[in-house]
Protein chains: 2
Amino acid sequence: MNSEISIELVSTGAELLNGRSVNTHARLLGGRLEDLGFRLTRETTVGDVEADIADAVRAALERARVVAVSGGLGPTCDDVTREALGGLLGRRLISDAASLEALRARYARLGRALTESRRRQALVLEGAVALPNRAGAAPGQRIELGERVIFVLPGPPAEFSAILEDHVIPWLRAHFPDVRPPARVIFQLCGIAESDAVERLAAAGFDPAPFELAYCASPGNLEIRLRGAPDQAAALAEKANMVRALFAEDIYTEGREDLAAVVGRALQAAGATVAVAESCTGGGIGRRLTAIPGSSAWFRGGVIAYANALKTALLDVPSDTLAREGAVSEEVARRMAIGVRARCGADYGLAVTGIAGPDGGTQEKPVGLVFIACADASACEVRRRQFMGDRETVRRWTEQHALDLLRRRLRRLSS
Amino acid sequence: MNSEISIELVSTGAELLNGRSVNTHARLLGGRLEDLGFRLTRETTVGDVEADIADAVRAALERARVVAVSGGLGPTCDDVTREALGGLLGRRLISDAASLEALRARYARLGRALTESRRRQALVLEGAVALPNRAGAAPGQRIELGERVIFVLPGPPAEFSAILEDHVIPWLRAHFPDVRPPARVIFQLCGIAESDAVERLAAAGFDPAPFELAYCASPGNLEIRLRGAPDQAAALAEKANMVRALFAEDIYTEGREDLAAVVGRALQAAGATVAVAESCTGGGIGRRLTAIPGSSAWFRGGVIAYANALKTALLDVPSDTLAREGAVSEEVARRMAIGVRARCGADYGLAVTGIAGPDGGTQEKPVGLVFIACADASACEVRRRQFMGDRETVRRWTEQHALDLLRRRLRRLSS
């Protein structure tokens, strides 16, 4: 049995509470911990207020073995995390020689002066271990308190990630060698609603016990998770096989890979390329495909055909088809996919045209109506979909279903 | 003086702690509250565990007048927020007749059965007011506890937002009529680093007192905020004028509008249109421009010219230029901007070509090197930029600086 080590995160920063920024640290930290067999049990966000930071860390230390504190390590006057922790633990702040030297080198490289406020970034609590920061200026800190430990990490996401990977995770692994990754299977599905998935499992008499079964739905995506103790892998594999059999090709991957990466691998395996013709998504499908490093091996590019004239000029959609059927129609989607494939010299052409809203809907063609087409040398499939939600939600659904249409085509090809 | 009403958020959901999802509720709620003169003072995230939810809500009620609780109102077995609150407050759960009727109508519309697990969504705490949900199934709840109040909101972001706008904000306004919006100015800048902004203000002897001065940097963007009490508007206006004078056209907007929306308004005002040619951003600039409702008035579309052959075929970049200069070069960026402008019949052509990484860099052309070009009928400006960071960060910087180049061009035109 895994004796779970509970870990909490205290995030600091007014920008996380006043509408400026989304807190991405909890997702990053939680995901990495879960992979390793640890568990993020709580996250608390407070502003740049010494008393609030100290109070949140104090409460977290009462519950958790490890407390990570993020943000407030920069050079400006609202960076008060060091002072808050010094006050809470009754420790002085001292300038760390190696960190100060690293700051000196960094600002020299940038051609900037090492001002007094920038020097503050080398301050660490007395007795703390300074954790070098390869992605920025302020070092992290590790503060051991008997059985418990505080890690202090910078707020900028790239720096938070660097300190996490370089210092926090190696320490956790070394310090808790008995913690093993959980038995876990994560399924990603496209093309089925959460409530339908629940019903399908119930109708098949699926009983997850003794495992945790959890769902998470987002536009165009459903995640199903099964999780148990490290020594339950064999029993979990049986349950996972039942899920695989029930959902078959609705499952596009196991793990957390983006659908665009799955499509990219399938293209690479097939030695094929794709080009995209995007109207309502405005470039979002291309952006997701090119987020994958190495995508130039299988992504040619495409056309953002927002104005109707471009559908004709760059994609060869006949103007009388546009006039007769309207830009949001099965036939225009088909012509866009065929056109972009030919113009870009790709094996597959993927096209979307729809009404993302909030305006532009009619009785016959309401907001959320989208046509998605996938063409290869021999055929072109078109799907009509009616999505619900605001502009961004409709666009996200559309991206996801377009990528999924290509994935299913490539899958049939390889089976 | 504004007697500030403190508000806390308790977010529930395993997906927020295990790496699956980012919590967007805190940003939405915090931003809306800040606009109105309230303040989100703390956010706590816990998993789908009754005891943890109850503990977090109990602690929040000790500090705050208003506690918002999100998530865990769905039909599945891991939706336990109702039970957690019932246990904490010692109240029974009862089926709300109007909510059950709304569920019945909703599932009938969707052609689905109102199963026992779906009926659970109509359960509210005894004495609570059910808050109709126009964006989903489960109603929200308002639970008054003497001086304090708990609002319960569904987790899906569209439903959270609907309940917030329809029920929470109207109640706060009615219940706290004396709360007034703060005196506040928010500046958004592109083209200046945080540390340079700090130095420029210091060098000019700028003293923010008695106002709060805060910074928030993200790739390609710097936010500077000044905030004070509602009755300090006149004094704040003077301070704001000093900031305006110091940063001049580096400020692209005041408020929280996206740079793409600022560019869109400037194009609309000029009666002009733009087309984009994107290599390393892969469609990201087009996606941001088309995120703005009504963008078809000023956005024509463009070309995702990822493969070099498309830069020639769709943008008329001479193949000998590509061979001689390389795809990531000033001359290719220029030709792309001129080409996309002509091909798309736009007034402005905006082009980017760069090395987003992680591979593909050389000594001469390292990862992060980007050329950004903006063409109109008479000229084409090209900027060479060296960005730092991972693939997504470089792409984000590139999007932002490309939009900013066009903004500055339009600004000079109108001044």
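# Briefing on a Two-Chain Predicted Model

Residues are numbered from 1 along each chain as its sequence is written, and chains are lettered from A and ligands numbered from 1 in the order in which they are written.

**Overall form of chain A**

- Chain A contains 14 helices and 17 strands (DSSP runs numbered from the N terminus, with helices being H or I of at least four residues and strands E of at least two).
- Along the principal axes, the C-alpha atoms of chain A fill a box of roughly 75 × 60 × 40 Å.
- Of the 415 residues in chain A, 52% are buried.
- Contacts (C-beta atoms, placed from the backbone, within 7 Å) in chain A between residues at least 6 apart in sequence join residues at least 24 apart in 67% of cases.

**How the two chains are related and meet**

- Chain A is superposed on chain B by a rotation of 180° with 0.1 Å of shift along its axis, at an RMSD of 0.1 Å (least squares on the C-alpha atoms of residues with pLDDT of at least 70 in both copies).
- The two copies are thus related as by a two-fold rotation axis.
- Chain A gives 71 residues to the contact, and chain B gives 71 residues.
- Strand β2 (residues 39-46) of chain A supplies the largest share of the side of chain A that touches chain B, with seven residues.
- The copies meet through the same surface, because 99% of the interface residues of chain A are also interface residues in chain B.

**Strands that pair**

- β2(A) and β2(B) run antiparallel and are joined by five bridges (strands pair if DSSP finds at least two bridges between them); R42(A) has V46(B) in β2(B) as its bridge partner.
- Strand β14 (residues 299-304) of chain A and strand β14 (residues 299-304) of chain B also run antiparallel, joined by three bridges, and G302(A) stands opposite I304(B) in β14(B).
- Within chain B, seven bridges join strand β1 (residues 6-12) to β2(B), and these strands run parallel; S11(B) stands opposite T45(B) in β2(B).
- Strand β2 (residues 39-46) of chain B is largely enclosed by the rest of the structure, because eight of its eight residues are buried.

**The interior**

- The largest nonpolar core has 250 residues, and M336(A), A337(A), M336(B) and A337(B) touch the most other members (such a core is a set of buried Ala, Val, Leu, Ile, Met, Phe, Trp, Tyr and Cys residues joined through C-beta atoms within 7 Å).
- Not counting residues up to four places away in sequence, A337(A) touches residues including A277(A), G349(A), A373(A) and C380(A).
- In α9(B), the buried residues are L259(B), A260(B), V262(B), V263(B), G264(B), A266(B) and L267(B); what covers them includes β12 (251-254), β13 (274-278), α10 (284-290) and α14 (391-414) of chain B.

**Individual residues in their surroundings**

- L28(B) belongs to helix α1 (residues 25-36) of chain B, and its C-alpha atom is separated by 9.4 Å from that of L164(B), 136 residues apart along the chain.
- S6(A) is in strand β1 (residues 6-12) of chain A and counts as partly exposed, with 16 C-beta neighbours inside 10 Å.
- Leaving aside neighbours within four places in sequence, S6(A) is in contact with R39(A), T41(A), R63(A), A64(A) and R65(A); S6(A) and V67(A), 61 residues apart in sequence, are 8.9 Å apart, C-alpha to C-alpha.

- Most residues other than glycine have a negative phi, and most peptide bonds are trans.
- A cis peptide bond with omega of about 5° joins A209(A) and P210(A); P210(A) lies in the loop between α7 (194-203) and β10 (212-218) of chain A.
- G357(B) and P358(B) are joined by a cis peptide bond with omega of about 0°, and P358(B) is in the loop between β15 (348-354) and β16 (369-375) of chain B.
- D316(A), although not a glycine, has a positive phi of about 60°; D316(A) is in the loop between α11 (308-313) and α12 (319-325) of chain A and is partly exposed, with 14 other C-beta atoms within 10 Å.
- A248(B), also not a glycine, has a positive phi of about 45°; A248(B) is in the loop between α8 (233-247) and β12 of chain B and is exposed, with 7 other C-beta atoms within 10 Å.

Terms used:
This is a predicted model: local features need pLDDT of at least 70, side-chain atom pairs count only at pLDDT 80 or more; totals for chains, interfaces and linings use all residues. A residue is buried if 20 or more other C-beta atoms lie within 10 Å of its own, exposed if 12 or fewer, and partly exposed in between; C-beta atoms are placed from the backbone. Two residues are in contact if their C-beta atoms, placed from the backbone, lie within 7 Å.
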